Amino acid sequence: MGVFNLFKAVAGKKVGEARETLTKGKKEPIDTSLPLQIHLGSSLVLDQTPFLIHGEAITQPQPGAESLVFAYGRIDLGESVAHRFYLESAADPEVKSVLQVVEGDGIEECRLFATLDEIYPESADEWAFWIGEEDGYIGLPAFEDKQGRLYDRVWGDGEGRMAPNEFTETLYLDRFGEKTASVAHASMLYGRWIDEESEMAEYILASREEHTDGSALIQLSSGIDVIPESITVKY
């Protein structure tokens with residue numbers, strides 16, 4: 001199952017209920033020192049300007065004026081940490097996205113991703129098409145989407161295929177770390193210019209995901225850069 005379905009299965013409740021429990025005795029919340037002071041249950045106002053300016057040139061749907069943080073993922077990258085805030089639109093809970101903030105000495109990267117496609121290979125050959133060591137699609141120098149748009153590989157130089165980056169994400173579904181799951185990723189990031197003059201880029205994050213329930217899939221996500229200062233945390 002995909003990450004958003006996994007949340008529902010692990011949590012056993014609606015994803016919009018993250019706000020319900022804000023204190024739990026003397027136990028310390030795990031989300032008190034995250035970037036931009038975001039925590040589980042936060043309400044975020046995301047800047048709509050890129051979607052208004054570039055319109056349909058951006059692949060992912062416009063997230064809406066306000067989004068709620070219903071889960072949090074953490075990835076240790078060594079000298080930095082990737083914080084992944086899983087969002088659902090306040091106006092339409094079916095519209096979901098992920099705000100990814102990479103933090104080292106400060107905020108190094110801030111991007112908004114939305115699911116583009118989920119693929120469930122059913123045979124060894126289908127898996128090899130995506131992650132085969134010699135010519136698996138994830139890791140090739142370029143990625144072509146269904147509309148024929150080409151994205152160049154962002155991670156790694158060279159002309160040949162590169163092995164995807166592997167890392168493990170710990171998912172938190174409540175503020176006190178009592179409901180958790182993990183996802184093993186093997187990923188490659190690709191990008192293209194939407195508007196090179198204004199440095200507006202769009203990304204494809206192509207990943208093999210393996211979940212703690214034994215399921216596995218190929219996850220394709222579309223992303224754009226977000227200016228951290230443009231995000232308003234209302235709660």
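The questions and answers below go through this predicted model, from the whole chain to single residues.

Reader: How many helices and strands does the chain have?
Author: The model is predicted, not determined by experiment. Of the 235 residues of the chain, 47% count as buried. The secondary structure comes to 3 helices and 12 strands.

Reader: What share of the contacts with a separation of 6 or more joins residues 24 or more positions apart?
Author: Contacts can be sorted by how far apart the two residues lie along the chain. Among contacts with a separation of 6 or more, those between residues 24 or more positions apart account for 57%.

Reader: Are the rings of Phe-143 and Tyr-190 stacked, edge-to-face or tilted?
Author: A pair of aromatic rings is described by the distance of the centres and the angle of the planes. The count of aromatic pairs in the model comes to 7. For Phe-143 and Tyr-190 the centres are 5.6 Å apart and the planes stand at 45°. Planes under 30 degrees apart count as stacked and over 60 as edge-to-face, so this pair is tilted.

Reader: Which charged residue sits over the ring of Tyr-203?
Author: The charged end in question is 4.0 Å from the centre of the ring of Tyr-203. It belongs to Arg-111.

Reader: Is Leu-36 buried, partly exposed or exposed?
Author: Leu-36 is found in the loop between α1 and β1, and its phi is near 60°, a positive value in a residue other than glycine. Most residues other than glycine have a negative phi. The relative accessibility of Leu-36 is 27%, which lies between the limits of 20% and 50%, so Leu-36 counts as partly exposed.

Reader: Is Glu-199 buried or exposed?
Author: Glu-199 also has a positive phi, of about 55°, although it is not a glycine. This residue is found in the loop between β9 and β10. Its relative accessibility is 61%, and because the limit is over 50%, Glu-199 counts as exposed.

Reader: What distance separates the C-alpha atoms of Asp-105 and Ser-80?
Author: Asp-105 lies in the loop between β4 and β5, and at 89% relative accessibility it counts as exposed. Asp-105 and Ser-80 are 25 residues apart along the chain, and their C-alpha atoms are separated by 7.8 Å.

Reader: Which element gives the largest share of the lining of the largest pocket?
Author: The largest pocket has a volume of about 360 Å³ and is lined by 17 residues, with Asp-47, Pro-50, Met-200, Asp-225 and Ile-227 nearest its centre. The elements that give two or more residues to this lining are β11 and α2. The largest share, 5 residues, comes from α2.

Reader: Is Phe-51 buried or exposed?
Author: Phe-51 is found in helix α2. Beyond four places away in sequence, Phe-51 touches several residues, including Pro-61, Leu-112 and Ile-224. Its relative accessible area is 6%, and the limit is under 20%, so Phe-51 is buried.

Key:
Residues numbered from 1 in each chain as written. Predicted model: local features only at pLDDT ≥ 70, side-chain atom pairs only at ≥ 80, totals over all residues. Heavy atoms only, no water. Helix = DSSP H or I, 4+ residues; strand = E, 2+ residues; numbered from the N terminus. Buried < 20%, exposed > 50% of the residue type's maximum accessible area, 1.4 Å probe, protein only. Contact = heavy atoms within 4.5 Å. Phe/Tyr/Trp six-rings, centres within 6.5 Å; stacked < 30°, edge-to-face > 60°. Lys NZ or Arg CZ within 6 Å of the ring centre and 35° of its normal. 1 Å grid on protein atoms, 1.4 Å probe; cavity = no way out; pocket = protein on both sides within 12 Å on 5 of 7 lines; lining within 4 Å. Points joined across faces, edges and corners; volume = space filled by probe spheres on them.
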